[in-house]
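Please look over the structure below and follow its helices one after another. The paragraphs after it go through how some of them pack.

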Amino acid sequence: MDVYQTEEQQVEAIKGFWKENGTAVIAGLVLGFAGFIGFNVYKDTQLENEVLTSDAYQTVMESAGVGGKLFSASASKFIAENKDSSYASLTSLALAKETATHKDWPQVAIHLASAIESSSNQGIKAIASVRLARVQIQLEQYTEALATLSVTLPESFKSAIEETKGDAYFKQGKVELARNAYQAALDVEGQTNNGALQMKLNDLAQLSSIAK
């Protein structure tokens, strides 16, 4: 099961932004407060720490190309040492993706839950939540998947959320709820030509006609 089809570009955009602009953004914020008494030392220390964290994150991501135990070990170490950093949740997402290649779905779920818990960014939370729900469906944890998607998430993820809910309902045999969820996903602006989603609706219609 590929649980990384629809959000990968969003993750890459976030990672790319931090890679290209993270240090500049942080430096700008720090310099904006430079007028406060005694803030210069704090500024230098904070900026240095953020730069070091960014460099460490890039090193970990470079090992992702190698994959396997090396990446898992370095990524886990980085997360443990930088729990309060925005990079921790991105690293958890990368770990989840790596683990998914081995189809170790329970461990994938653990990494995704960690990404949700450690991130203050609503976009990252939404990406991790949708992925976690899909993994939970793979594990036949349908009630848990629906609970994962029951929290408030950004409106831009509505189509992915509703489609995933539909998948969970379908697996539970709740055809009407599945149909409503798929239709809600299809009704989101820009999804009218989503062939895969429309196929799910068509398949439900065929099942309903056969049942009759």
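The crossing of helix H4 and helix H6 is left-handed. The model is a predicted one. Two packed helices are described by the angle between their axes and by the distance between those axes. For H4, residues 86-100, and H6, residues 122-138, the angle is about 25° and the axes are 11 Å apart. Angles under 35 degrees count as roughly parallel, so H4 is roughly parallel to H6.

Which residues of H4 and H6 meet? On the H4 side they are Ser89, Leu90 and Leu93, and on the H6 side Ile124, Ala128 and Arg131. Sorted by class, this contact of H4 with H6 has 4 nonpolar residues, 1 polar and 1 charged.

H4 also packs with helix H5, which covers residues 105-118. Here the axes come within 8 Å and cross at roughly 170°. An angle over 145 degrees counts as roughly antiparallel, and therefore H4 is roughly antiparallel to H5. The crossing of H4 with H5 is left-handed. H4 brings Ala88, Ser89, Ser92, Leu93, Leu95, Ala96, Thr99 and Ala100 to this contact. From H5 come Trp105, Gln107, Val108, His111, Leu112, Ser114, Ala115 and Ser118. By class, the contact of H4 with H5 has 9 nonpolar and 7 polar residues, and no charged ones.

The next topic is the nonpolar cores. The largest one has 24 residues, and Phe71, Leu93, Val108 and Leu112 have the most contacts inside it. Which elements give two or more residues to this core? They are helix H2 (39-64), helix H3 (68-81), H4, H5 and H6. H4 supplies the largest share, 7 residues. Another core, of 23 residues, lies apart from the largest one. Among its residues are Ala133, Ile137, Phe157 and Tyr169.

The last stop is glutamate 162, which lies in helix H8, residues 158-171. Is glutamate 162 buried or exposed? Its relative accessibility is 15%. Buried means under 20%, so glutamate 162 counts as buried. Setting aside neighbours within four places in sequence, glutamate 162 is in contact with Ala181, Tyr182, Ala184 and Ala185.

How values were computed: Residues are numbered from 1 along each chain as its sequence is written. This is a predicted model: local features need pLDDT of at least 70, side-chain atom pairs count only at pLDDT 80 or more; totals for chains, interfaces and linings use all residues. Side-chain values use heavy atoms; hydrogens and water are left out. Axes are lines fitted to C-alpha atoms, for helices over the stretch in contact, and angles run from 0 to 180 degrees between N-to-C directions. Helices (H or I, at least four residues) and strands (E, at least two) are DSSP runs, numbered from the N terminus. Angles under 35 degrees count as roughly parallel, over 145 as roughly antiparallel, 65 to 115 as roughly perpendicular and the rest as oblique. A crossing is left-handed if the near helix is turned anticlockwise from the far one by less than a right angle, and right-handed if clockwise. Contact means heavy atoms within 4.5 Å. Ala, Val, Leu, Ile, Met, Phe, Trp, Tyr, Cys and Pro count as nonpolar, Asp, Glu, Lys and Arg as charged, and the others, Gly among them, as polar. Buried means under 20% relative accessible area, exposed over 50%, partly exposed in between (1.4 Å probe, protein chains only). A nonpolar core is a set of buried Ala, Val, Leu, Ile, Met, Phe, Trp, Tyr and Cys residues joined through side-chain atoms within 4.5 Å.
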